[in-house]
Amino acid sequence: MAQPETVHGGIGQSIPRKEDARFIRGKGNYVDDVDLPGMLFLDLVRSPYAHAKITALRKEKALAVPGVLAVITGADLAAAKLAWMPTLMSDTQMVLPTDEVMFQGQEVAGVVATDRYAAADGVAAVEVDYDPLPVVVDPFKALEPGAPVLRGDKGKKDNHIWHWEVGDKAATEKALKESAVVIKERLYIPRIHVSSIETCGCVAQVDAMGKLTVWMTTQAPHAIRTVFALVSGLPENQIRIISPDIGGGFGGKVPVYPGYVIAVVAALTTGQPVKWVEDRTGNLTADSFARDYHIEAEMGATKDGKLTALRVKTLADHGYTDAAANPSKFPAGLFHIITGSYPFATAFVEVDAAYTNKPPGGIAYRCSFRVTEAAYTIERLVENMAHKLKIDPAEFRLKNFIPPEAFPFQSALGWTYDSGNYGGALKKAMAMIGYDELRKEQAEKRKRGELMGIGISSFTEIVGAGPAKQFDILGLKMFDSAEVRIHPTGKVIARLGTKSQGQGHETTYAQILAEELGISSDFISIEEGDTDTAPYGLGTYASRSTPTSGAAAAMAARKIRDKAAKIAAQMLEVSPDDIEWKDHKFQVKGVPDKSKTMAEVAFAAYTTPLEGMEAGLEAVDYYNPPNLTFPFGSYICAVDVDKETGQVKVRRFVAVDDCGVIINPTIVDGQIQGGLTMGFAPAMMEEIPYDADGNNRAGSFLEYLLPTAVETPKWETGKTTTPSPHHPFGAKGVGESATVGAPAAIVNAVLDALEPYGVTNIDIPLSAHKVWKAIHSKDAA
Amino acid sequence: MYPPNFEYYAPKTVQEAIGLLDQHQGEAKVLAGGQSLIGMMKLRLAQPAALIDINRIPDLAYIREEEAALVIGALTRTAELGRSEVVRARYPVLSDAAAEIADPTVRNWGTVGGNVSHGDPGNDLPACMMALGAEYRAEGPKGARTIPARQFYQDSFVTALRPNEVLTQVRIPRAGPGTGSAYSKMERKVGDFATAAVAVQLRVGKGGSIDLAGIGLTNVGPTAIYAAAASEFLMGKTGTDSDLKRAGELASDASRPFPDNRGPVEFKKDMVRVWTRRTIAHALARAKGGK
Amino acid sequence: MHIEGDFRVRATASRVYAFFLDPVAFTDCLDDPHEFHAVDADHFEGTVTTGVAFIRGTFRVRGSYLVKTPTSAIRVRLQGTGLGSGLDAELDLALAEAAGETSLHWGGEVRLSGPIAALGERMVRGTTEKKVAGLFENARRKLEGA
Amino acid sequence: MAVDVAETPQAPGPITTRTIQVTVNGVTHKSTVQNRMLLVSYLRERLRLTGTHIGCDTAHCGACTVLVDGIPVKSCNLLAVQVDGRKVQTVEGLASGGKLHPIQEGFHEEHGLQCGYCTPGMMLVSVALLAQNPNPTEDEIRRGISGNLCRCTGYVNIVKAIQHTAAKMQNPAKGGP
């Protein structure tokens, strides 16, 4: 063939997803669909109090409920040294309490019964006496002298967990002093919850050989297996974690929750399989939260509008234990990406963490380790600085961006950005939305006293954790893996260490392998999530699948190609040096019609004697990325604000993303549209507030406000492509960019609309009553 | 979340239902759509000993305009109310509200009778019925009686309906020429209870002045509220901007909101003011033949 | 949520004081079905089946007298659990006798937690106030009746 | 380890039951169920039709949506006894004779799903929407599916999938594969 041959389902093609076939038929296999003979059901007694001593716990009435088999308490677990477990940040967390509850909704006891209804009856029949204790809700008050000390069990004398800092404190202070203009903002990024539509759950089974199998809603099955082995003392070969279809993860299915452990204990004690599926209230009141950062940021600039320095002081509310899902060396995650898209000469960031009577967590909410907190802060302050200097915010950014020729770029806080063209993305977004016309319209509306605003966010992400040198979780290095096997007829099975929760791995990984192996993606099966079959990996979160396992898949395919080239050489009776991989097949250099396809080579690999080579055609790769990847984008949002009611309407939202080389454009668009919606939600609607008594005020979807199709803006998306220089095929990862970048654009737009009132900040979510208050307090003044 | 055990009855007649209620002496609940009740039972906040499912009773689902009144059967689904042509044409306050109750799927099963008798101040139809001057037909062991909507709501979940009575029909005085009505609901998202919501019906007489006015408020107090002073104020007015402004202030004075995630008291009172003014304007436009 | 009120009763302060220090006597003034008994001089416990309209359940309640200033002041703490929720109250009773009458001011904080708190104050305030007022009204009748 | 375990579970004594007859996806079932059994439990656990999902327990997310006599309802907020004598359709009943329903093709072709958990409810509510309004505007579609939450897609491709299906159902030739 003359022109280069494209392989069906290769990189860059928008093929429909392979996994859809089962989902559209209602044949997905989620944890709650697992049904085993003799299976029992676990339900949990939860604490109504945020902080209380348990003075009595009586099981009798519950054990008398028809169908109830067992009631498991903290005392029972303590006897087996299982009342406490380690968190991912090496803090300690209760599985079940022995004497004190630390937050409302905490698991207090487990009831095991023959069906869910009986289990619920049993939960209602467990009698617990509490003596309420003083509640610590505000992290600032938590650190004041005389505040009740929550973790005396750890020998602590106060509620301070850790202090972490990075950057040049003295140089930053000096630079700020010398800056012509300095602005300062206090930003609170409230507690939110990922609320995947599928809650968490598991089915635990111990077989006759004493092997424990747990079907679990987890994004990181291999790491979970190791943690279970370390906590329970069971040999790791006797533990099998299966992560079946997952109904959304977004970071919430990374941690180990008490319910999982109690279910395993229940299976061990009853000798029967036990299913635990939490209800939504349990999910919202006890599972890992995200954000909850109280940020104070200062930014300096010259009077002609060049950014000089950034200083950030943050207090993190971690609840009663630090159960954040961060790499061990980074207690505040990758928060120090906070210098964003700008070449600050110097910067300094410090974070302190505090205990409060709230559930533990600190997971990502569709973002890579505290990157949203960072991107929100820098893009909010850059916007405020532009307004302060009376320079158009777009012009201000274009003037300050790290220029394309500066990559690889060393940031003031120590990151090496791989590649970028920030001006290109912003200019494209401005063209798409008609930036200049919008500004004209806004000017006219202002004359008429109408409130319209335009906001920008030009964020830089940091994903793909990560280089093993810096990145580990509980000591487990954050490489990831792929094992690729070509069958004699040229069909492929590949297993990877990650786990899809809707991202479409069964399709995109097949596309990577199709491109690398010259085999149609229709004939490539992808498997993940079974620790007995898949190679070890750290799992899917932090947009790391494509940068790590995706890279591993390509590398494994290339290892296979190296061997296949030798086989092809034998088949074509030429020297391996005369073979080249071209147009997805092995060709004799300069003789295109003398060639072998991968399928022909595969057949030979199993059917003909190979000189100096083993039979078969497979390879494994454990990919340790040389650096992280740095996706970026520019978003522009236009809003109208109802002056009287404070209601905000997002009229338009243009998102231009650059995630490097794209594997499947349709899937990437889907990831961005979903990510934008999870950026809009916390900006406008979602929050888990606590009252002074520590009551969770958003314990159901009546109060925890997930946007419907009606509230969700009509997203407009665009792309630029700047490949990653160090990734095997130039990809960067895209799952979270939009969630990271969107909130600042929306808030900036609303504050732009409120400029006549001189408002410089409203903390998210921008509920009508907060916007109303901002307008009216200024009206009154 | 799973409900506790209960007895279940599916009577075929209203009389049978009343007998069952009477015999359970306040421990039974009528099950119509159950879109609020079943949720509370799953939370185990409501634990009735028995449910009396009235869905098997024929002829309780209808919307008829009679000579003097629009009559709506208790089992009419709120989605049906939203689709009704006669309602849209002459009682649009109900179509407006029906489009805002919970979400489209819940409306397919939730009923008009359930919405008006549940007693949650967040239900949308009570304020409408107050604005329209509706009456509820309550049937009990001693026969039937009618209760004006404006006197039906006593406290959160506490109504004038006796434990052994079934609410079988809503009766709304027929809207004559020159009548216009509207409902505005400020909500945080689809499916939410109102931050504040206002129902208005008024009639513009021959002389061009208002000779009938009713204003009801949703979720700004322990019950739905009839804004009497604001309604009376409008009588005889032509509906100038200042009339509307004043009526808004009077309605706001009548509200007794509690603070919650939707906002503080002063905000909610101000929203009653704003939305009353806007909703009267909308109703007025409709009265004058606008859309 | 804060609740308070006043009432006057034709009885001496010492009688009123004694009455409210008898847990069985004053809990008998509850209109809702209940059973209470004294544990010791300062503590009592029992159950009451109560709620708002059809949102009803049986609460296990433990009570303790925190302040007992003869004939002038009582502070009682009530801790209840039911419907998967917590219902805690600390009530202050201030007594003053004048002309054979005793005026009593009662007030305190009622703290809700769990599912009932989630329902919101709007749902429970009215009924709570009615029930507490009812309790004191019944107490007045008993004190004057005898 | 030591945990109090009741000898053998007592048979459900005081729990009251009722016998119902329900036609699910064309098959009539006669079942004795607890009065309190939710329709979603009946479908998932008794009939093992696990395509209907539970998401929120409070009738907000719509993952449990099924059609009762052709009308979308939230099966986690309905008792099984309430559908006695009625017809229920679940996602498993959409395809007929191995042939996918156009809504299933639409969701697949327009990438209207990601994790797939909300998808059965979304498709069923869409089928009912298109039956009432064969050619809905984007805003009518968005309002029509507003009883169903999706956390993955941002709804853009769900709306496209429904528009795609509407076109295909009105003109199978044009919309067809």
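I count two residues as in contact if their C-beta atoms, placed from the backbone, lie within 7 Å. The model I am reading is predicted, with local features needing pLDDT of at least 70 and side-chain atom pairs counting only at pLDDT 80 or more, while totals for chains, interfaces and linings use all residues. Residues are numbered from 1 along each chain as its sequence is written, and chains are lettered from A and ligands numbered from 1 in the order in which they are written.

Entry one, chains B and C. I looked up this pair and found 17 residues of chain B in contact with 14 residues of chain C.

Entry two, chains A and D. Here I noted 55 residues from chain A and 53 residues from chain D in the contact. Helix 17 (665–684) of chain A is among the elements that supply at least two residues of the side touching chain D, and helix 17 of chain A gives the most to that side, with seven residues; helices (H or I, at least four residues) and strands (E, at least two) are DSSP runs, numbered from the N terminus.

I traced an open sheet of seven strands in the order 3-7-1-14-11-12-13, with mixed pairing, where two strands pair if DSSP finds at least two bridges between them. Strand 3 and strand 13 (239–242) of chain A are the edge strands, since each pairs on one side only. Strand 12 (residues 212–216) and strand 13 of chain A run parallel and are joined by four bridges, and I found Leu212(A) opposite Ile239(A) in strand 13 of chain A.
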